[in-house]
Each structure stands twice: as C-alpha cells, then as structure tokens.
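Dear colleague,

Please find below the structure that I am handing over to you. After it, I set out what was found in it.

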Amino acid sequence: MNDDERRQEADGERDFEERLRELLAEDAYTIRPSPAPYPAIRRRGVVERRRRVAAAGAALVTLAAMPVGAYALSGGGPGTSTAASPTPSAGASRSPSPTPSGSTPPAVEGQLFDGITAEQAADGLANCLDSELSNSHSPGGAGLDPADEYAIVLAMRSTGDSNAPGDGMYVVAATDAPEQSYLICNLKDGVTQGISAFTDESAVIPDEGPVLVNANGGKLYQQSFLDRGSWKLPFRWGVVGTVKPSVARVTVAYGDSDAEATLDHGRFVASGVLNEQVTLAPHVKGYDAAGKLIYDSDEDKYYERTLP
C-alpha cells in the first residue's frame, strides 16, 4: 500500500468516526429529547380537535351505552312543525350566569321545537341523568351534575338513520358550575339511548372570534356518514355555540333552510328544517348591534365547513 492509499484509508476512518459520533448524538437526543412546550401543544391539539371532531368524534365523551354499531355523530331528525323565528337577545354575554340551584330554568321560545314543551324537555333531561347515574358501568356517570343544575338550551325531534334507526328527541343542556359543560341526550319512546358530555375549551383557542360554534354538537346537524347523499328528509337540524358580548344577532343558513338564532346567557341556538341533501356544514354569521357583520364561519379557520 503506497502513501496515497494510506492517506485515503486514514481519511476514510476519520470520516467514519465523525459520522458515528453524529449518529450517536442524534440517537441520544431521540432517547432523551428536550422538554416539549406543553401549553402550545395543548392549544394546537384543541384547535385541531375542534376542526376534526365533527368527523371523528374525538372530543366527545360518551357516557352511556349506545346501540351496537351506532356512529357517535349520527343524529338529527325531521321536524313536523317549525317554531316562530326567535327574537335575538341584546344582552348576550360570553360568560353565562350561574344556573340557579334547585330549579332548571325553562327553555325560551326559539329553544323548543316540534311541539316539545319545556316540561317534556326537563323530563327528558331528568330521564337521561337518572339512567346514567343508575348505570354502574358508566365511566364518569357519578360526576354528572343533578338535573336542576342544568339549563336546557335546545329540544327538538331526532330521526334515526342506518346506524341508529328509530325517531326520538334530542335535549341539549348546559351548566356553569363548577365549569361550563354541556350534555346532549337522545331519547326514543321515553327511553334514554345515550348521553354525550363535553366541556367548553374556548379559553385555550388562540385568536378566537366573537362567535364559537360548538364542534361537539355536530350530531345535531348531521346524519350518519354512511348515509352521505341519502339523508332522510325533511331533517330537523340544530346548531349550538357561544357568543361574545359584542354579538347582537346570529343567523344560520343550511342547505335550502335558514334560521335566526336565539341568544341567551352567552349561548346561541338555531334550528331549521332541511329538505335537500347537503355536503357543507351550516353557514353561521354574527352581527353587532349596528347590524355590522363581525363573524363569518366561512372565514373561521377553526370551523370545519365540509361535512364528513
């Protein structure tokens, strides 16, 4: 071996050693990476969950057993009658007033549809909670508040689909103690079929707009993804969410239907009857007291416009 060959061999060995050191250093970082920025990751996770929950149901905590094979976001229902258009409340607030203990506040006009009375909605909510608390296998049932701590924000008919056949009723309720949380109860023939419970995580959403559509309520305006393009019509739909004090009016357009939302205690609810197949989610707009448009869901980067 001549001198040039020896030098090339030595250079090769040095290159190999340097590359080995780099690989070892990279492996050491993989084994023990630097601390992750947990708050930022959590915010990104919440945002992504709100964008995708309508399709995946990731943010829903199902607290009661659903029928075998039931899809978490199937639901909705046809309306045989439509309530009069509600008058928006100018006193809307982002932080709802605490629910009075000992009595469930009756839902107001614009929150009850299809002939459902406030008493029927309250009975349905109590039925759901009683059924949940009596289910010893329920994960977290004991953590639910009693019925008199909830305010009913929506009651409407629901229609079964290929995943969960049979018509029934949806009751949506909210409580502010100890934290703002929501329930969606589904009943059929007076029997509880399931409860979905979730908390409001709007506080961790960066640059949140004046209107926040609750992504966990997607089941209220969707039928099963298996029935895409062949929903049962007419279809009663509902949209729920929260508003900031600057919002005086909210409108919702969905397919061939539209609705004026009811604003109450910092929450909004809208409902209508759909008579055509749709692929886009409800289009939500918010206005201030002067009638100026201050929110458009088409421009909301956290709102999932396309149905799953």
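Two strands count as paired if DSSP finds at least two bridges between them. With that in mind, consider strand β8, residues 249–254, which pairs with β9 in the antiparallel sense over 4 bridges. Within this pair, Thr251 stands opposite Glu260 of β9. Please note that the model is a predicted one.

**Overall picture**

The protein has 308 residues, and 46% of them count as buried. Its secondary structure consists of 3 helices and 13 strands. The accessible surface comes to about 15300 Å², and carbon and sulfur atoms account for 52% of that surface. Among the contacts between residues at least 6 apart in sequence, 67% join residues at least 24 apart.

The C-alpha atom of Gly291 is separated by 8.2 Å from that of Ala248, although the two residues are 43 residues apart along the chain.

Another antiparallel pair is made by strand β4 (residues 181–188) and strand β5 (residues 191–199), which are joined by 8 bridges. Ser181 has Thr199 in β5 as its bridge partner. These two strands form a hairpin, with 2 residues between them.

**Backbone features to look at**

In general, most residues other than glycine have a negative phi, and most peptide bonds are trans.

- Asp189 lies in the loop between β4 and β5, and its phi is positive, near 55°. At 80% relative accessibility, Asp189 counts as exposed.
- Asp114 also has a positive phi, near 60°. This residue lies in the loop between β1 (61–62) and α3 (118–133). Is Asp114 buried or exposed? Asp114 is buried, because its relative accessible area is 11% and the cut-off for buried is under 20%.
- Leu233 and Pro234 are joined by a cis peptide bond, with omega about -5°. Pro234 is in the loop between β6 and β7.

In soluble globular proteins, nonpolar side chains tend to be buried together. In this model, the largest nonpolar core has 24 residues, of which Val211, Tyr221, Trp237, Val250, Tyr254, Phe268 and Val284 touch the most other members. Two or more residues of this core come from each of β6 (211–213), β7 (235–243), β8 and β11 (267–274). The element that gives the most is β7, with 4 residues. There is also a second, separate core of 17 residues, which includes Ile116, Cys128, Ala155 and Ala173.

**The cysteines**

A disulfide is a covalent bond between the sulfur atoms of two cysteines. How many disulfides does a search of the whole structure find? The search finds 0. Cys128 is in no disulfide, and the nearest cysteine sulfur, that of Cys185, is 3.2 Å away. Why does this pair not count as a disulfide? The two sulfur atoms would have to be within 2.5 Å, and the sulfur of Cys185 is 3.2 Å away from that of Cys128. Cys128 is buried, with a relative accessible area of 0%. Cys185 is likewise buried, with a relative accessible area of 0%.

Yours sincerely,
A colleague

Definitions and conventions:
Residues are numbered from 1 along each chain as its sequence is written. This is a predicted model: local features need pLDDT of at least 70, side-chain atom pairs count only at pLDDT 80 or more; totals for chains, interfaces and linings use all residues. Side-chain values use heavy atoms; hydrogens and water are left out. Buried means under 20% relative accessible area, exposed over 50%, partly exposed in between (1.4 Å probe, protein chains only). A nonpolar core is a set of buried Ala, Val, Leu, Ile, Met, Phe, Trp, Tyr and Cys residues joined through side-chain atoms within 4.5 Å. Contact means heavy atoms within 4.5 Å. Accessible areas come from the Shrake-Rupley method with a 1.4 Å probe; for residues, only the protein chains shown count as cover.
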